[in-house]
Every structure is written in C-alpha cells, then in structure tokens.
Amino acid sequence: MQNERTVWLVAAAVIAAASLAALTFAQAPAGSAIQFPAGYRNWTHVKSMVIHDQSHPLFNAFGGIHHVYVNERGMQALNRENPRYPDGSIFVFDLLEARLEGGAYVEGNRKVLAVMVKDSRKYAATGGWGFEAFAGGDPTQRVVKDAATECFQCHDSQQASDYVFSKWRP
Ligand code: HEC
C-alpha cells in the first residue's frame, strides 16, 4: 500500500515537472530560438553604411559603421527584382563603432550583431523573419525581447522586398 502511494506520488511529480518544462518552452520568446550566425564573416558582403551624425534618425540605435552580410541561400533571392526569400535565408547586420582618426572613419569595437532568419511558419507573425541581436557580438548576450515592436515594426515598411532593406548592387 505504502509503495503504491509512493509510485503515484513520483508519477505525479514527474508529470508536473514535464508540464512545467513544456510551458516554459512554449513561452520562450521567438527570438531566443535564433542561433548565433557562426561563420558569417565568410558570407557574401552586401553593403556597408556609416551613420555618423545625430541628425540621422537612426543615430542612437545604429550610429557607427555597419556591414550587411547574407548567406548563400538568401543570396539566391537578393539579386532578383521582387525578392522572396526561401526559408533558411539569413542576413547579418554587423555594427561597429566609427572613430574619426586623422580625417578617416575607422572601425572601432563591435557594438551589436543583428540577425534576421527566415522561417515562414515559425515567424509568421513577423513577416516570416525571426529577429535577434547580440550585444558586442557576444553569442551569450541576446538583446531582443519583443521582435514585433523592436524590429519588425520598422522592417514592415519593406514589404515589397520581403521586409529586407538592403538591395544588391553588382
Ligand atoms: C527604425 C528602423 C529599424 C529598426 C527598428 C530595425 N531595423 Fe534593421 N534595418 C533598418 C534599415 C534602414 C536597414 C538597412 C541598412 C542599410 O541599408 O545598410 C536595416 C537592416 C537590417 C538587417 C540587414 C538586412 C536588411 O533588411 O537590409 C538586419 C539583419 C536587421 N536590420 C536586423 C534588425 C533587428 C534584429 C532589429 C531589432 C533589434 C532591427 N533590425 C530593427 C531599419 C531598422
């Protein structure tokens, strides 16, 4: 009798723990599932831009020198007229400090590494793209809490190019 009760108690505890784990997993923000884009420095460089002055509306968030990269899968769509990116496409926005030195802007420390990963089912609510950013380019320092308001709200304006701002120049 005593043993039977113990077995039931253990079973109940296991079920409770499993449900809790499932609940925690389901509630994890979508952004947290995005992997750090290891190896992106060997991908195709799309473009660069220097945002160097307060007068630019994006100065506070994106001031500095940034380079945009795309992986091979995304590259298949980037140079088309109305790009529709296949699942697995990845863009990286690599933002470094811009330091003025003797009349030249030179790269300083990395400020943030922003990433967009296409998975049309998983990220259906944000145009099929998952958004994440890693402070200082550190894979353990995730910064995006709500991709819809922090990232997609602005990328939403680029619907015609599948929510991607960058265009290909030969
Ligand atoms: C206020 C507008 C705005 C917000 C908010 C914004 N972005 Fe962007 N993003 C841009 C612009 C503009 C570009 C294009 C930069 C260029 O042309 O060099 C861009 C480019 C990118 C790119 C390269 C692909 C592309 O679309 O050109 C990635 C990756 C990216 N952003 C990720 C993010 C992430 C992650 C967030 C949220 C943390 C975010 N962005 C929030 C405006 C924004």
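Start by selecting β1 (44-51), β2 (64-70), β3 (90-101), β4 (104-118), β5 (129-135) and α4 (147-155): each supplies at least two residues of the shell around the ligand. Helices (H or I, at least four residues) and strands (E, at least two) are DSSP runs, numbered from the N terminus. The model is predicted, with local features needing pLDDT of at least 70 and side-chain atom pairs counting only at pLDDT 80 or more, while totals for chains, interfaces and linings use all residues. Residues are numbered from 1 along each chain as its sequence is written, and side-chain values use heavy atoms, with hydrogens and water left out.

Keep α4 selected. With four residues, α4 gives the most to the shell around the ligand.

The ligand is surrounded by 21 residues, and the closest are His66, Cys151, Cys154, His155 and Ser166; a residue is near a molecule if one of its heavy atoms lies within 4 Å of it.

Next, display three of these side chains and look at the polar contacts (pairs of N or O atoms within 3.5 Å).

- His66: a side-chain N or O atom is 2.6 Å from an oxygen atom of the ligand.
- His155: a polar side-chain atom lies 2.9 Å from a nitrogen atom of the ligand.
- Ser166: a polar side-chain atom lies 2.6 Å from an oxygen atom of the ligand.

Move on to the segment after α4, and select Asp162. Asp162 is not a glycine, yet has a positive phi of about 60 degrees. Buried or exposed? With a relative accessible area of 5%, Asp162 is buried, where buried means under 20% relative accessible area, exposed over 50% and partly exposed in between (1.4 Å probe, protein chains only). Select Tyr163, also placed in the segment after α4. Tyr163 has a positive phi of about 70 degrees, although not a glycine, and counts as buried because its relative accessibility is 13%.

Then go to the loop between β4 and β5 and pick Thr126. Thr126 is buried, at 9% relative accessibility. Which residues does Thr126 touch, not counting those up to four places away in sequence? They are Phe131, Ala147, Ala148 and Phe152, a contact being heavy atoms within 4.5 Å.

Finally, zoom out to the whole protein. There are four helices and five strands, following the pattern α-β-α-β-α-β-β-β-α along the sequence. Of the 170 residues, 34% are buried.

Definitions and conventions. Polar contact = N/O pair within 3.5 Å; in protein donor to acceptor, adjacent residues only side chain to side chain.
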